[in-house]
Amino acid sequence: MLQPEEVVEAKWVSIQEFEDMREVIVPTVWERFLTSRSKLRGMLNYREYIDVNFRGAILIKNENETFEYVNGYRDYANELPNTLDTKFASASAGKVFVAVAILQLIEKKLLKFDDTIGELIDMDWKNIDRNVTVEELLNHTSGVPDYFDESVMEEYEELWVDYPNYKIRHNKDLLPLFMDKPMMYSRGTRFQYNNTGYVILAMIIEKITGMEFDEYLKQNVFDVCGMTGTGYYELDKLPAKCAVNYLYCNSEDDLRTNIFCVDAKGTGAGGAFITVNDIVKFWTALIEGKLISKTMFEKMISKQSGDGEDEEEGYYGFGVWIIDGKGQKDIPYFQGCDPGVSFISEYNPNTGTISVLVSNYGDNVWRIARELRQ
């Protein structure tokens, strides 16, 4: 009977050849092989769904397996490769961090779901309804004017034609882009994804805590999870290992960066830099009740708004989209899209699987996520 060290010497045989050796392999080694074979086949299946031209990072993890994939350059001109430690921009995905912070403050009894913006922030709201509640901001039913109305504007870059993006380094810097606009609809009457709502939520965090919202997030979310590669960085002061985001000009080899397309620093609406490992840590901490209670987490990932007409964007919780489980448990996810940025991460409670997909070239992470999910 072959011993473990003898099997190691023969490790480059094919899977089929190894299976044919079943009778001469010690049981413990055979069990290891069966586990490894299952993992390998799962990983090979994952790989089938990833386009060879995809640039970015992918991490898929559950109790039994971990699949990692990286490709492309974080710095194209200098040919510096993406890695699992690369800090990627995540666009609107940062809304989930703001939602968790708000839910923390609610559990600490420093805030209530039915508190209104007029009560919380003493300022001239002009045509904006002062009775809009925290809950309506969380689930996108507030009706407040959206500074980037995605039902009207196609590209985030359009915002900066008349207003320089380098001015946006704090939540209040976005006020001129929406304060003089009317309500989009009466509060609480329908669901419509809204960036302004999460800017206001971040301002509420700042008002209650006396801290910049990103500093609150660092101390109460990122540090708690051990998310050492996540933060809100200014584009003209990026730390090491940050990916540059690219857009096409005239061809695949003719690229430009997105530095004039997005806020100079992220706000409550989004803009955090993340690593794929950090996002797995974030989901894990939520699931284990380390950031908010498990009861609150269940509320966060349950259907709070939406009509379900769109299979993937039909329902919203607090900071997360909800895919109907169709007889199984619903699947929460959060996502982000900016010029040169694409991100999606979901938690499937039916399989215990966490997936994170991000590209600094705006590659189609949604198609990959959809095929992996199915």
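This is a predicted model: local features need pLDDT of at least 70, side-chain atom pairs count only at pLDDT 80 or more; totals for chains, interfaces and linings use all residues.
Start by selecting strands S1, S2 and S9 to S13. These form an open sheet of seven strands with antiparallel pairing, in the order S2-S1-S13-S12-S11-S10-S9. Colour S2 (66–71) and S9 (315–316) separately: these strands stand at the edges, and each has a single partner strand, so one side of each is left without a neighbour in the sheet.

Next, zoom in on S10 and S11. The two strands run antiparallel and are joined by three bridges. Show Ile322 here, and find Pro332 of S11 opposite.

**The aromatic rings**

Turn to the aromatic side chains; the structure holds 19 aromatic pairs. Select Trp283 and Tyr347 for one of them: the ring centres are 5.8 Å apart and the planes stand at 40°, so the pair is tilted. Trp283 belongs to helix H9 (residues 276–287) and Tyr347 to strand S12 (residues 341–348), so this pair ties together parts that are 64 residues apart in sequence. Are the two residues buried or exposed? Trp283 is buried, with a relative accessible area of 0%. Tyr347 also counts as buried, at 12% relative accessibility.

**Charges over rings**

Two lysines come next. Select Lys299 and Phe113: the lysine lies over the face of the Phe113 ring, 5.4 Å from the ring centre. Then select Lys303 with Tyr315, where the charged end of Lys303 sits over the tyrosine ring at 4.5 Å from its centre.

**Two loops with positive phi**

Move to the loop between strand S3 (73–75) and strand S4 (80–81), and pick Glu79. Its phi is positive, at about 55°, although Glu79 is not a glycine. The residue is exposed, with a relative accessible area of 53%.

For the last stop, return to the sheet and select the loop between S10 (321–323) and S11 (331–338), which contains Lys326. What is the phi of Lys326? Lys326 has a positive value of about 50°, although this residue is not a glycine. Lys326 is exposed, with a relative accessible area of 62%.

Notes: Residues are numbered from 1 along each chain as its sequence is written. Side-chain values use heavy atoms; hydrogens and water are left out. Helices (H or I, at least four residues) and strands (E, at least two) are DSSP runs, numbered from the N terminus. Buried means under 20% relative accessible area, exposed over 50%, partly exposed in between (1.4 Å probe, protein chains only). Rings of Phe, Tyr and Trp (its six-membered ring) pair if their centres lie within 6.5 Å; planes under 30 degrees apart count as stacked, over 60 as edge-to-face and the rest as tilted. A charge sits over a ring if NZ of Lys or CZ of Arg is within 6 Å of the ring centre and within 35 degrees of the ring normal. Two strands pair if DSSP finds at least two bridges between them.
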